[in-house]
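Let us walk through this structure in two stops. Keep the sequence and the 3D view side by side.

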Amino acid sequence: MYFSRSPRSPRSPRRARRPQGSLALRRPRALVFLCLAPLLASCFASSGGGDGKASGADGGARLRVALAFPPAENLSPYGADATILSRLGVTEGLTALDANGSAVPALAASWRREDDRTWLFTLREAVFQDGTEVTPAAVAASLARAGAARPAPAALAGVTLTAKAAGAAAVRVTTAAPDPVLPLRLSSPSLAVLAPKAFGTGKEDAVDPVGAGTGPFEITRLTGTAAARLDRFDDYWGGRAQASGVDVRFVADGAARANALRTGEVDVAEAIPVAQAAGLDAGTRRETATTRTTSLHLNAKSGVFEDPALRAAARAAVDASVLAAGVYEGHADAGAGIYGPAVTWAQGKRVRPSGRAKAVAPGGASVTLATYDNRPELPEVAQVVKQQLEKAGFRVKLEVREYSRLESDALAGKFDAFIGARNSLLDTGDPVSVLAGDFTCDGGYNLARLCDPDVDRAVGTAQTAADTDERRDAAMAAEAVILGTDAVVPLVHQRIVTGVAANVRGVAPDPYERALVGAGTRR
């Protein structure tokens with residue numbers, strides 16, 4: 001059994017709830033900064049934090065945060081928007097991940113495995129942001145909705161679970177097949193526990209997390225894909241947040257985020273471009289090794305790259321070392337596999353891919369390569385990859401959009417190739433889950449549209465391994481099979497730079513990129 005070390009015991013008394021009232025473009029010109037700074041200033045001023053000192057009635061300055069990615073799916077917790085909610089301290093799951101990638105208590109104070117398919121999670125006393133109790137029935141209903149979502153959340157790829165209330169303070173979760181990493185899986189932001197009101201929208205598949213989470217901050221206003229206002233949730237089980245709220249702006253332009261931090265318009269700016277990092281004071285730069293890998297995904301289901309020999313030609317054309325040293329200016333490592341250097345155990349277990357198709361001359365085959373600009377290095381990466389593919393004999397059309405306007409087309413296979421950055425342990429912390437979600441026939445985030453029986457077989461074998469070392473060995477064997485299809489070409493393993501104002505405390509950049517602002521974040 002895992003016992004809680006959290007601030008409060010599982011069923012302690014609580015306070016009454018208070019009313020919630022191209023390469024040539026690598027260096028952006030200074031003119032861009034000057035044009036965007038007034039815009040950002042007016043944005044934050046309008047949300048109550050323009051003077052940099054605004055605070056709530058109960059004390060604690062409001063935080064001003066610039067995020068790179070606007071909501072792409074109306075803040076649905078079952079897709080890419082799930083991490084927006086977790087990074088802002090809005091939602092939580094039954095469990096969380098610690099720095100070593102182990103499951104630790106969150107809304108569940110403890111758990112134990114009853115048999116190979118059944119786990120019992122004992123809940124702590126907590127309240128949803130609408131004032132209703134976090135009950136076993138509410139938790140079970142929330143997990144059931146996640147399990148029924150289509151496409152399935154990446155954390156549930158290949159997994160069928162049933163959750164039922166077990167008495168007054170526990171939830172029993174049963175899986176169709178043995179799942180030795182269920183506590184890790186339930187830490188996923190896409191399996192956050194939401195109040196029943198989140199599902200009362202009248203639309204079968206719609207989920208509205210506003211006012212339905214359990215974290216230290218609740219969303220009180222959402223302005224489309226431009227901004228959000230969060231206020232402190234005073235009945236948070238983990239203790240009252242030190243900041244009275246968070247004013248969030250979604251700023252896709254990386255140079256604008258960096259300049260907003262330099263000029264004091266924001267307190268925290270995520271995903272600072274490497275081209276801008278050197279311009280920040282050393283005390284405001286936080287570089288973190290992550291499990292994020294930037295990869296080239298080749299559409300294996302239709303178009304030019306349905307031919308494995310042409311996929312092999314594309315893989316052979318790419319020189320990842322140029323990207324790490326050039327575009328990322330040393331803030332990344334050349335791609336070694338799906339798991340990078342931050343996954344330390346993987347380095348001694350890597351298996352060499354075998355059975356690859358023999359590359360053929362592209363002969364002028366025309367392909368469309370797509371990427372997004374929320375991560376400012378990606379268009380530069382795409383330009384270099386475009387040049388490398390063209391040198392090998394492909395004809396390449398490059399398409400760059402903002403992520404929320406690109407994701408659905410990418411998943412639908414409307415491009416021949418796609419460059420994206422993916423945190424391999426984001427969804428569950430389990431190395432096998434990302435393989436199931438991204439590369440199997442039933443995977444919910446299969447950008448390469450790969451459906452290969454050998455891959456499914458290898459991933460399935462890894463999913464059944466219960467012992468930690470055996471599971472890791474099986475994951476590396478499955479990685480080799482996936483890389484052998486040439487449907488994905490790892491390019492670089494990233495380190496992220498977060499900008500944090502000198503007077504801000506309690507921001508802890510997370511290698512899993514699930515957390516950013518929490519109850520202890522303050523200025």
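**A buried serine, then a sheet**

Ser433 has a relative accessibility of 5%, so this residue counts as buried. The cut-off for buried is under 20%. Bear in mind that the model is predicted.

Where does Ser433 sit? Look in helix H11, which covers residues 431-439. Now follow the side chain of Ser433. Another polar contact, at 3.1 Å, links the side chain of Ser433 to that of Thr428. Set aside the neighbours of Ser433 within four places in sequence, and its contacts are Ala154, Arg185 and Thr428.

In general, strands of a sheet pair through backbone hydrogen bonds, in a parallel or antiparallel way. Which order do the strands take here? The order is E4-E5-E7-E6, four strands in an open sheet with antiparallel pairing. Strand E4 (108-115) and strand E6 (161-165) are the edges, and each pairs on one side only. From one strand to the next, the twist averages 20 degrees.

Strand E4 and strand E5 (residues 118-123) run antiparallel and are joined by six bridges. To place one of the bridges, find Arg112: its partner in E5 is Leu120.

Helix H3, residues 136-148, lies across E5, E6 and strand E7 (170-175). Against E6, helix H3 runs at about 165 degrees.

Note on methods. Residues numbered from 1 in each chain as written. Predicted model: local features only at pLDDT ≥ 70, side-chain atom pairs only at ≥ 80, totals over all residues. Heavy atoms only, no water. Helix = DSSP H or I, 4+ residues; strand = E, 2+ residues; numbered from the N terminus. Buried < 20%, exposed > 50% of the residue type's maximum accessible area, 1.4 Å probe, protein only. Polar contact = N/O pair within 3.5 Å; in protein donor to acceptor, adjacent residues only side chain to side chain. Contact = heavy atoms within 4.5 Å. Pairing = 2+ DSSP bridges. Axes fitted to C-alpha atoms, helices over the stretch in contact; angles between N-to-C directions.
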